[in-house]
Structures are given as structure tokens and as C-alpha cells.
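Colleague: Can you walk me through this one? I'd like to go over the sheets, the helix packing and the open spaces.

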Amino acid sequence: MVYLKDLPVKALGIDPGTANFDLCCIEDDVDKVILDETISSSVVAHEPERVLQLIMSADPDVVVGPSGYGVAFKLLSQAVDEDLALTTLEKRSDGGISVLSGVRRLLRLLKNSGLNVYMVPGVIQLPTIPIHRKSNRIDMGTADKTCVTAYAIWDQARRMDLEYNETRLICVEMGYGYNAAMAVENGEIVDGVGGTIFPGPGYLSMGLMDGELAYLLGEFTKPRLFQGGASFIASNDEIPLERFTRGRWGVYALGWKGFLEGVLKAVAQLLTAMDKRPYEVILTGRLSRIDELRNDIQEMLGRKLGIPVRRPSYVFTRRAKDVAMGAALIADGVGGGKYSGLVDTLKIKESHGTVLDHIFLQGFDKDQILKGLRSD
């Protein structure tokens with residue numbers, strides 16, 4: 001483990017988004033950004049070497065790499081095939097999704113790069129969440145949601161002049177594919193609803209799937225998880241965000257309403273797990289930058305739950321989005337830099353286990369499941 005407390009830390013974070021991968025590298029402080037890039041996920045799928053070149057160009061001391069569903073905190077150089085399989089949870093029996101294969105190829109390139117690259121946990125692997133909340137869950141928020149929640153905590157602490165362990169919020173991440181929400185008390189994530197259990201549609205993903213629908217579908221592939229969301233409700237297809245927004249109270253109103261109420265339900269659900277009322281809801285992710293959507297969510301949550309809603313107040317990149325900024329903050333903290341207190345408060349280094357550890361179904365064989373997952 002590398003600690004560079006007496007030197008400026010070049011800390012690089014990666015956001016493995018559905019549509020784009022974002023890279024953010026800071027040196028010692030968020031006021032000094034030395035890499036701020038976004039690259040299409042299709043490039044990652046077919047040319048992960050180009051992503052590695054960008055990363056190497058920043059000459060980072062510490063990197064928080066793409067960790068998919070989440071891996072207990074460790075150096076990527078110590079990762080085994082099982083860890084790589086757990087990042088994407090893609091069955092060998094599937095035809096293979098190019099971007100997921102690209103992520104695993106990028107991880108192997110990073111592993112052999114000589115860089116200090118760390119894998120970070122998903123929400124379910126954090127020790128700050130009571131075990132009973134983890135029962136029969138895998139996706140309480142993927143590793144990138146841990147990163148974006150770190151960014152939200154940092155932003156609230158900065159804005160309200162709080163210590164990290166005094167922050168209290170709900171972070172709602174609205175990406176192009178999925179939505180997720182994480183509850184924070186005393187600077188710790190205490191509960192989360194990830195994209196595949198979110199109580200309403202994301203833009204592409206349907207969120208929580210009715211068990212009867214899953215039964216009727218029978219065997220279904222990974223791409224199914226990227227369908228059925230607000231865009232599909234509105235048009236039965238993936239449509240540009242701009243067009244969806246223009247038609248929000250016209251031809252696409254059904255998808256728009258479903259999206260809004262899903263966010264409301266997620267926040268209401270997390271409120272039941274919190275001992276104290278959050279100071280605010282912080283909206284992050286690509287869709288949170290759409291003024292019309294953010295305004296409608298602010299109005300709905302204010303009217304129904306009486307909670308202030310806002311975007312992060314301090315954005316230190318121009319291109320890379322919120323997850324990448326959070327990952328850079330964590331990378332800095334891991335390297336013993338200015339934001340080490342943030343990592344300590346979140347207890348990221350104390351994460352443990354795998355995302356498959358809390359399934360209580362007869363016949364669920366974790367070892368057999370792992371054998372059936374792709375790691376190459």
C-alpha cells in the first residue's frame with residue numbers, strides 16, 4: 001500500500017459509465033486538475049489500450065480503477081480471476097457484451113502497467129451497513145456509487161462547513177443507464193438501493209423487476225438489464241435524452257412521470273433506514289445536469305417530503321462527471337493525501353467479502369456461480 005503524505009499526490013479516478021468513461025486526475029487538491037477527459041464506452045470496448053494511454057499520460061501516483069459491482073479494497077496487482085469476474089457478473093453462457101469485456105481487458109492492462117491501481121467496494125461490502133439490510137441483495141450500489149457518494153459527502157462538508165463524520169444526506173445518482181440512491185449518516189453509507197433494485201425506472205434500465213415478470217421471461221441475458229427504463233416506457237426504444245426531455249409532458253409523459261416517482265420512492269425508502277432526517281438530497285450523474293428534470297425532482301421532493309434538493313455546489317472538472325471526481329478524491333485519500341479523512345470516514349479500507357455473500361436461497365451455490373462467470 002502506497003502512502004505519500006509528505007509529497008503532492010497525483011490521484012486519478014475512473015468512472016466506468018454506460019455511455020462514457022470519464023477520467024479525472026488531481027494533484028494534491030481539487031484546485032489542481034491535471035487530467036479531465038471523457039471517452040466513449042465503445043472505445044473502451046474495442047480499444048482499451050487508448051484508455052490506458054490517457055491514464056499513463058497523467059503519470060498518477062494512485063488510481064481508483066473501474067471496479068464494477070465492487071471488490072473489497074485491494075491493489076489490482078493482488079486481484080485474481082475471481083475478482084475480475086465479480087466486477088461484471090457476466091455469465092459465460094451469454095454471448096458476451098463488448099463493453100464489459102473491454103472493462104476486464106482494461107483491468108488486466110492496468111494490472112500489468114506498474115501503476116498503483118486500487119479496486120474499491122460496492123455499497124454492500126461496506127461495514128457501515130447492517131447485515132440484515134444486505135439480505136438477498138447484490139446491487140445496493142455499485143463501486144462507482146460508492147465513489148459518487150464520497151463526492152456528495154465531500155461537497156456537503158465543504159458547503160456546510162462540517163466534518164465528514166457530521167454529514168447527513170441522500171445521494172441520488174442518475175446515470176444514462178441506471179439510477180441509484182445511497183443514505184449517509186455521520187459520513188457513513190448506511191443503506192443503498194442500486195440500479196437493479198431501484199423502485200422505479202432509470203433512463204435505460206427498468207430498475208426493480210417484478211419477480212413474476214422474471215419468472216415469465218425465464219432465462220434472460222445481461223442486455224435485458226439495460227432495457228425497460230423511462231426511454232423504453234416512453235417510446236419502446238432508446239431515444240436521445242434531448243428528445244425525451246422536449247416531450248416530457250407530451251408524447252413521453254409516461255416515461256417522465258415514472259422516472260420522477262421512482263426517485264421519490266427511493267428517497268422515501270431510504271428515509272426509513274435513517275435515524276435522523278438528512279439535511280438534503282444531492283443529485284449527481286449525467287441526468288442530474290438536465291435542468292428540467294432536476295427542477296421537477298426538486299419540486300416533487302420538496303412538496304411531498306419537505307427535503308431540499310440540489311446538485312453538488314463545487315464541480316472541479318469541465319468534462320469528467322461526478323463519479324470520476326469522487327473516485328479521484330478517494331484515490332487521493334488512499335495515497336495519504338488531503339482527503340484521507342474522507343476515505344477513513346467511509347471505511348472503504350475496512351470493506352470485506354463479495355457481492356454474492358448475502359444470498360439466502362435454497363440451491364444458490366456461490367462457487368458454482370463464480371465458475372460460470374467470465375473473467376477474460
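**Pockets, sheets and a cavity**

Modeller: Sorted by class, the lining of the largest pocket comes to 16 nonpolar, 11 polar and 9 charged residues. Keep in mind that this is a predicted model.

Colleague: What is the volume of the largest pocket?

Modeller: The largest pocket holds about 1300 Å³ of space. It is lined by 36 residues, and the closest to its centre are Lys 91, Ile 138, Thr 196, Phe 220 and Leu 225.

Colleague: Which elements give two or more residues to that lining?

Modeller: Helix H6 (211-217) and helix H13 (366-371) do.

Colleague: And the second largest pocket, how many residues line it, and which are the closest to its centre?

Modeller: There are 41 lining residues, with Pro 16, Gly 17, Thr 18, Tyr 178 and Phe 226 closest to the centre of the second largest pocket. Its volume is about 830 Å³.

Colleague: Which element gives the most to that lining?

Modeller: H4, with 3 residues. At least two residues each come from strand E1 (10-16), strand E2 (20-27), H3, H4, helix H5 (143-160) and helix H11 (322-334). By class, the lining of the second largest pocket has 16 nonpolar, 15 polar and 10 charged residues.

Colleague: H3 and H4 both turn up there. At what angle do those two pack?

Modeller: Helix H3 (residues 81-88) and helix H4 (residues 98-111) pack at about 145°, and their axes are 10 Å apart. The H3 and H4 crossing is right-handed.

Colleague: Which residues meet there?

Modeller: From H3, Asp 81, Leu 84, Thr 87 and Thr 88; from H4, Leu 100, Arg 104, Leu 107 and Arg 108. The contact of H3 with H4 divides into 3 nonpolar, 2 polar and 3 charged residues.

Colleague: Are E1 and E2 parallel or antiparallel?

Modeller: Antiparallel, over 7 bridges. In that pairing, Gly 13 has Cys 24 in E2 as its bridge partner.

Colleague: In what sense do E7 and E10 pair?

Modeller: Strand E7 (residues 168-174) and strand E10 (residues 280-284) pair in the parallel sense, over 5 bridges. Ile 170 stands opposite Val 281 in E10.

Colleague: Last topic. How many cavities of 30 Å³ or more does a search of the whole structure find?

Modeller: The search finds 1 cavity of that volume. About 50 Å³ of space lies in the largest cavity.

Colleague: Which residues line the largest cavity?

Modeller: The lining is Ile 14, Pro 16, Gly 65, Pro 66, Ser 67, Gly 68, Val 120, Ala 143, Asp 144, Cys 147 and Val 323. Those residues divide into 7 nonpolar, 3 polar and 1 charged.

Colleague: Which element supplies the largest share of that lining?

Modeller: H5, with 3 residues. E1 and H5 each supply at least two residues of the lining of the largest cavity. Pro 16 lines that cavity, and Pro 16 is also among the residues closest to the centre of the second largest pocket.

Note on methods: Residues numbered from 1 in each chain as written. Predicted model: local features only at pLDDT ≥ 70, side-chain atom pairs only at ≥ 80, totals over all residues. Heavy atoms only, no water. Axes fitted to C-alpha atoms, helices over the stretch in contact; angles between N-to-C directions. Helix = DSSP H or I, 4+ residues; strand = E, 2+ residues; numbered from the N terminus. Left-handed = near helix turned anticlockwise from the far one by under 90°. Contact = heavy atoms within 4.5 Å. Nonpolar A, V, L, I, M, F, W, Y, C, P; charged D, E, K, R; others polar. Pairing = 2+ DSSP bridges. 1 Å grid on protein atoms, 1.4 Å probe; cavity = no way out; pocket = protein on both sides within 12 Å on 5 of 7 lines; lining within 4 Å. Points joined across faces, edges and corners; volume = space filled by probe spheres on them.
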